[in-house]
Amino acid sequence: MPGLSCAPVDASAATSLFTACRIGKNCYRSWTMNKTIRTLAHPALLLMAFAAHGAFAADASPTKAGPACATTAAPRAVGYPWMSIGRWRQMNDEHLARAAQGDIDVMFVGDSITEMWPKAVWEANFGQFKPANFGIGGDHTGNVLWRLQDPVMITIKPKLVVLLIGVNNINLCGESAEDAFSGIEAVVATLRRQYPAARILLNAVLPEGRLPDAAERLTVGRLNKMVRTLGDGNTVFFRDYGARFVGADGTLSAELQPDFLHLSEKGYRIWADAIRPDIEKLLK
């Protein structure tokens, strides 16, 4: 079964080129924010990248997300051009199959940024930790809450959970920083209850928006100030790696974040260099 290992897989050249756009913010902006997609390369390759992620499935018609993304546990109810509901269900089934196999010490939980770890970077940095990747592009906190409550997921006995979630509450659900925080808080509480022996490495939402005064950047900044309060230094360890992606002038680099949110392979290498020492420390 494809994806049974719950680890990132190698992508084609076209899909790699459009890593950020394949399930990225600029692809869904035209559906949810009515903004123009920034063209990253030849349109034909863009279509290949969309198709590789199930873009043209029959149930991929965009609809408005429901009003209770943050704390209401619910499966994906919105199809996007970059991921159909059918593809979302398939990915969740693959995750459950991996969870049923067990032998997971480190579980990564999140959305597209978690899902899209390049295979080589993932294996080189985390392969020795018995990791499993439970990221799905486009997920908000309510989707994660729903996925976690499956009986198969409850059987996992991780030593560490690496969590990055919340940006889609803002970008896809139109929720405020306060709403998104309530969702992250609920996910953290669920993880603590469900995996009492595990530590949680709680990532700040990565910076978004090219300029330091971009509305997205300011919203994420407000959100992270609240998320920081969830770290207790005992079970939940908050880390903000965002400064590694911000230039001296406060701008984000298209080399690291092609759509000024999702990471390029180089961006993932930077994140891996930052996060691996914390993972090693928290596993001791």
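In which helix is the place of Leu 283? Leu 283 belongs to helix α13 of a predicted model, in which local features need pLDDT of at least 70, side-chain atom pairs count only at pLDDT 80 or more, and totals for chains, interfaces and linings use all residues. Residues are numbered from 1 along each chain as its sequence is written, and side-chain values use heavy atoms, with hydrogens and water left out.

The protein contains 13 helices and five strands; helices (H or I, at least four residues) and strands (E, at least two) are DSSP runs, numbered from the N terminus. Of the 284 residues in the protein, 55% are buried, where buried means under 20% relative accessible area, exposed over 50%, and partly exposed in between (1.4 Å probe, protein chains only). Among contacts (heavy atoms within 4.5 Å) with a separation of 6 or more, 78% are between residues 24 or more positions apart.

The five strands of an open sheet follow the order β2-β1-β3-β4-β5, with parallel pairing; two strands pair if DSSP finds at least two bridges between them. β2 (131-135) and β5 are the edge strands, each pairing on one side only. From one strand to the next, the twist averages 15°. β1 and β3 are joined in the parallel sense over five bridges, and the bridge partner of Val 109 in β3 is Leu 163. Four bridges link β3 and β4, also in the parallel sense; here Leu 160 has Arg 199 of β4 as its bridge partner. β4 and β5 likewise pair in the parallel sense over four bridges, with Asn 203 partnered by Arg 239 in β5.

Strand β3 is largely enclosed by the rest of the structure, because five of its five residues are buried. Leu 160, Val 162 and Leu 164 point one way from β3, Val 161 and Leu 163 point the other way, and all are buried. In a regular strand the side chains alternate between the two faces of the sheet. Helix α11 (residues 177-194) lies across β3, β4 and β5 and runs at about 165° to β4; axes are lines fitted to C-alpha atoms, for helices over the stretch in contact, and angles run from 0 to 180 degrees between N-to-C directions.

Helix α13 (residues 265-283) has 19 residues and spans 25 Å from its first C-alpha to its last, close to the 27 Å expected at 1.5 Å a residue; the expected span is 1.5 Å times one less than the number of residues. At Ile 275, α13 bends by about 30°, and Pro 277 follows within four residues. The bend at a residue is the angle between axes fitted to the seven residues ending there and the seven starting there. Buried residues of α13 include Tyr 268, Trp 271, Ile 275, Ile 279 and Leu 282. Their cover includes β1 (106-110), α6 (112-115), α7 (119-126), β3 (160-164), β4 (199-203) and β5 (236-239).

Leu 283 counts as partly exposed because its relative accessibility is 24%. Leaving aside neighbours within four places in sequence, Leu 283 is in contact with Asp 105, Val 106, Phe 129, Lys 159 and Leu 160. Leu 283 and Lys 159 are 124 residues apart in sequence, yet 6.7 Å apart in space, C-alpha to C-alpha.
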